[in-house]
Structures are given as structure tokens and as C-alpha cells.
Amino acid sequence: KLYKIREVKGNYAITGIADSINTYCLLKGVVQSGNLSKNSSLFYALQDSTGAITVTSNSVTNGYNPAVGDSVELRGTVLQHNGLTHFTIDSASKISNGSEISPVTVSSLNETTESELVTMKVFSLIDPTKWDTTGANGEFTVKAYNSIDTITLVIFKSTDLYDNAAKPSGYFDITGIGSQDQPIGPYFSGYTLIPRSLNDITHASGIPVQSENDFPINIFPNPASNSINVISADKITEIEVTDITGKLLFEQLPGSTNVSLDLGSINAGVYILRINIGNSLVIKQFIKD
């Protein structure tokens, strides 16, 4: 039976468990990504006029390799893994080249963005060192922050983003496929964003690229115990201290070039300093011991 994607994407309001698990059906739609899998399996997104769903398969099905904009017909079973409702297929056929679907701009990731092609505006990497391709599992995650929300980006080896040279700097807008990785129910957290290529990350218009070469900043001592000093050649307008997830712990509005921060209210660990100088931002990491 042919279903609209919205008809198989519902879930129970209390548990987040998909209510169409094990439904065998036919879906039609437009492909939103190439194969994002980190191995020989398939992992891509499909959208129709009612919604979107992630498509999976252990191998290439009927010789079809997904390409953005393809109009396809797929047959398979609705399943769920770590909160992500997905469609495991056993047959696939391309109908036509179709036309690419434009992303929708959103401010947060949740159930409504799962498998959807979305754009999020004006983010920066919390810890650029986490953009690390040396892992052996074919993917890595890195967190980005826009002063309000923190999101987790999943970078797969199958994309041209899996390269240290692809690491974005400063503020950027990012497009990708909404996903979820929440091992334990209820399944209403663990949302992630999967960019498809270098073209999905663009410099945020009107926001200057931040560079410590432009704004030399010295922080000491590091590691720190009770306080940490921040010295800049230019006037510091705001300092935010966050944990590594991007949660804001406290902030100051010093309006000076020499600032001392009292660390008595935070526990030992690794923290992020977000230092605003006019309309520009420099991010530094420090350790409290």
C-alpha cells in the first residue's frame, strides 16, 4: 500500500516510540541527500509533500545509488533506532530526476526536524579541536553554539566534510538532515544535524570572521584554580563562560582590556571562554583544576 510519509512518522506522545513500527509499505518522494553511510550500507533522506524519513539498507538496492533531487519509489518496512524513525527498504526504483527541495530554516532541533532538510543560522564551533578525522569509526561529532542553543553535528566519512581542512571558522550557517541518537527512552532528545557536503556550510553574512590573530588574547593561569585573567589589546565588551556542551554558566560585561574572572562557582573541568570584542568573537578553552 502507498502511504504518505506523514502517515508513518507518528509516535506516542509519552514514549516517543514510532506507532508504525513494522509497517510494510510503499513510499514515494524526492531524495534529499547522497548516501551518508560510513560503510557499504545506505543511509539517506527522502521527502514528500507531507514530511521526510531516513532511508536505510544494508547494501545498494536494485542498483540504485541516491542522488539529491531524484524522484523515487521505495518499498520497505518502518523501523526505529535510538529514537530515529527510518524506512528499511528491499526495493527501489528511480522515477525521474525530479527537482531538489529547498531547506527550511529552523531555530532548534526536535521531533519535527527529524529527517528533514533544515538550515540553522549563525553558529560557531565550541571546540574546534573536536573536528577530528583521526578516529577509526568513519565519523565524528562536534558541537556548535549560537549563544542560545548548542547543536551536535555528525560528520560522516562519505562526505567531503570529513577533512580537517573543511573545518569552519568564525560564524557560519549550516544546512543538513535532522537526525536523532537517543539510546534510552523516552525518545525526545539526542537530536543531531548531518551536513551533506561542503556546500552546506556557508559563512554567515554580516558577521565578521573571528581570528585570534586579529584580536590577540592572553589567558592565565591555565589550568586555573580560583580565578583566571583575560588580557586583550582591545576592549572586551562581554565574556561568557560555558561548559563544553555550550551551557552558559556566567557572564561579565567588563568594558576593559584586563579582566579577572572568579571561578569559585564552577567545578573542576574543561570550560569555554567566549570573548566578545565589539562585534567579533574569540573562543578560548581553559581548565579549572
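Me: Helices (H or I, at least four residues) and strands (E, at least two) are DSSP runs, numbered from the N terminus. With strands taken in that sense, in which loop is Pro186 found?
Reply: The model is a predicted one. The peptide bond leading from Gly185 to Pro186 is cis, with omega near 0°, whereas most peptide bonds are trans. As for the position in the fold, Pro186 is found in the loop between β10 (172-180) and β11 (191-194).

Me: Which residue does a cis peptide bond with an omega of about -10° join to Phe220?
Reply: Strand β13 comprises residues 217-220, and the loop between β13 and β14 holds Pro221. The cis peptide bond, whose omega is about -10°, joins Phe220 to Pro221.

Me: How many strands are there in the protein chain?
Reply: The C-alpha atoms, taken along the principal axes, fill a box of roughly 70 × 35 × 35 Å. Of the contacts between residues at least 6 apart in sequence, 58% join residues at least 24 apart. As for secondary structure, the protein chain has one helix, and the number of strands is 19.

Me: How far apart are the mean positions of the positive and negative charges of the protein chain?
Reply: Lys and Arg count as positive and Asp and Glu as negative, while His and the chain ends are not counted. On that basis there are 19 positive and 28 negative charges, and the distance between their mean positions is 4 Å.

Me: Which residue of β4 stands opposite Tyr24?
Reply: Strand β1, residues 24-31, is mostly covered, with six of its eight residues buried. Seven bridges join β1 to strand β4 (residues 71-81), and the two strands run antiparallel. Within β4, the residue opposite Tyr24 is Thr77.

Me: Which residue of β2 is the bridge partner of Val31?
Reply: Strand β1 is joined by two bridges to strand β2 (residues 42-47), and this pair runs antiparallel. The partner that Val31 has in β2 is Leu46.

Me: Is Asn62 buried or exposed?
Reply: Asn62 has its place in the loop between β3 (52-57) and β4. Although Asn62 is not a glycine, its phi is positive, at about 55°. The relative accessibility of Asn62 is 55%, and because exposed means over 50%, Asn62 counts as exposed.

Me: What is the phi of Asn82?
Reply: Most residues other than glycine have a negative phi. Asn82, which lies in the loop between β4 and β5, is not a glycine, yet its phi is positive, with a value of about 50°.

Me: By how much are neighbouring strands of the sheet β13-β14-β17 turned against each other on average?
Reply: Three strands form this open sheet, in the order β13-β14-β17 and with antiparallel pairing. The edge strands are β13 (217-220) and β17 (256-262), each of which pairs on one side only.

Me: Which residue of β17 is the bridge partner of Ile236?
Reply: Strand β14 (residues 227-236) is joined to β17 by six bridges, and the two strands run antiparallel. In β17, the residue that partners Ile236 is Ser256.

Me: Which residue of β16 is the bridge partner of Val241?
Reply: An open sheet of four strands has the order β16-β15-β18-β19, with antiparallel pairing. Its edge strands, each pairing on one side only, are β16 (248-252) and β19 (280-288), and the twist averages 20° from one strand to the next. Four bridges join strand β15 (residues 238-243) to β16. The partner of Val241 in β16 is Phe250.

Key: Residues numbered from 1 in each chain as written. Predicted model: local features only at pLDDT ≥ 70, side-chain atom pairs only at ≥ 80, totals over all residues. Heavy atoms only, no water. Buried < 20%, exposed > 50% of the residue type's maximum accessible area, 1.4 Å probe, protein only. Pairing = 2+ DSSP bridges. Contact = heavy atoms within 4.5 Å. Charge placed at Lys NZ, Arg CZ, Asp CG, Glu CD. Axes fitted to C-alpha atoms, helices over the stretch in contact; angles between N-to-C directions.
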